[in-house]
Amino acid sequence: MISKIAGNILKRDTKTKVWWMKLAIAIVLSNIFFFALFSGSETKVDAVSSIPEGWVEIQVRAELLTPFQSGKKVLLLQRSARKRVEAMLETSPLEPEGRFTVLVKETEVESLLKYDSWEIVPFLKTLTFAPLSRGLDHEIRY
């Protein structure tokens, strides 16, 4: 009688042990499947963060007049030469010189190298410079 009871208990335990082993194997296999499925997306993120075609990364000595955010679209202004260049901020300066790393179009790099003392302002689509006055700029009263 005791052996029958012990035999029945052992059968139940082995069934439970087999069930737990199947569950553990199913969890491990599902984790491996989902890891293989979703781990490939990390390489796609690196491709997006590269420099767009037709743009160049350059360091510019400039005064920042807007809060710094990496990837922010800004305008580089040179007031005395009346130049404006569209750019994207990349990195802030590490030293107090004020050299910012920006992305600009290849066609506009020449003006960045030609002039110095740039200002970085938020991107304004309709920004224009005041027209240059011609002739005398004063009035003589008698």
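Predicted model: local features only at pLDDT ≥ 70, side-chain atom pairs only at ≥ 80, totals over all residues.
Is Phe33 buried or exposed in this model?

Residues are numbered from 1 along each chain as its sequence is written, and side-chain values use heavy atoms, with hydrogens and water left out.

Let me start with the sheet. Five strands form a closed barrel in the order S1-S4-S3-S2-S5, with mixed pairing, and on average neighbouring strands of this sheet are turned by 55 degrees against each other, direction ignored. Those angles come from axes that are lines fitted to C-alpha atoms, for helices over the stretch in contact, and they run from 0 to 180 degrees between N-to-C directions. Strands here are DSSP runs (E, at least two residues), as are helices (H or I, at least four), numbered from the N terminus, and two strands pair if DSSP finds at least two bridges between them. As a reminder, strands of a sheet pair through backbone hydrogen bonds, either parallel or antiparallel.

Strand S1 (residues 55–64) and strand S5 (residues 118–122) run parallel and are joined by three bridges, with Glu63 opposite Glu119 and Leu64 opposite Ile120. S2 and S5, by contrast, pair in the antiparallel sense over four bridges, and there Leu76 stands opposite Ile120. S5 is also mostly covered, since four of its five residues are buried, where buried means under 20% relative accessible area, exposed over 50%, and partly exposed in between, using a 1.4 Å probe and protein chains only.

What about the nonpolar core? By that I mean a set of buried Ala, Val, Leu, Ile, Met, Phe, Trp, Tyr and Cys residues joined through side-chain atoms within 4.5 Å. The largest one holds 15 residues, of which Leu76, Val102, Val104 and Leu112 touch the most other members, and S1, S2, S3, strand S4 (99–105), H3 and S5 each supply at least two residues. If we take contact as heavy atoms within 4.5 Å and leave aside neighbours within four places in sequence, Val102 is in contact with residues including Val56, Ile58, Val60, Leu76, Ala87 and Leu89.

Staying with strand S2, Leu75 lies in this strand and counts as buried at 1% relative accessibility. Beyond four places in sequence, Leu75 has contacts that include Val85, Ile120, Val121, Phe123 and Leu127, and its C-alpha is 9.3 Å from that of Lys125, a residue 50 positions apart from it in sequence.

Ser117 is found in the loop between helix H3 (109–114) and S5, and has a positive phi of about 55 degrees although it is not a glycine. Arg82 likewise has a positive phi, near 60 degrees, in the loop between strand S2 (73–78) and strand S3 (83–91), and counts as partly exposed at 32% relative accessibility.

In the loop between S1 and S2 we find Thr66, which is buried, with a relative accessible area of 8%. The side chains of Thr66 and Lys72 are joined by a polar contact of 2.7 Å, and, not counting residues up to four places away in sequence, Thr66 touches Lys72, Val74, Ile120, Val121 and Pro122.

Finally, the aromatic rings. Rings of Phe, Tyr and Trp (its six-membered ring) pair if their centres lie within 6.5 Å, and planes under 30 degrees apart count as stacked, over 60 as edge-to-face and the rest as tilted. The count by this rule comes to three aromatic pairs. Trp19 and Trp20 form an edge-to-face pair, at 4.9 Å centre to centre and 80 degrees between the planes. The pair of Phe33 and Phe34 is edge-to-face because the ring centres are 5.4 Å apart and the planes are at 65 degrees. Ring pairs link Phe33, Phe34 and Phe38 into a cluster. As for the opening question, Phe33 is exposed, with a relative accessible area of 51%, whereas Phe34 counts as partly exposed at 45%.

Note on methods. Polar contact = N/O pair within 3.5 Å; in protein donor to acceptor, adjacent residues only side chain to side chain.
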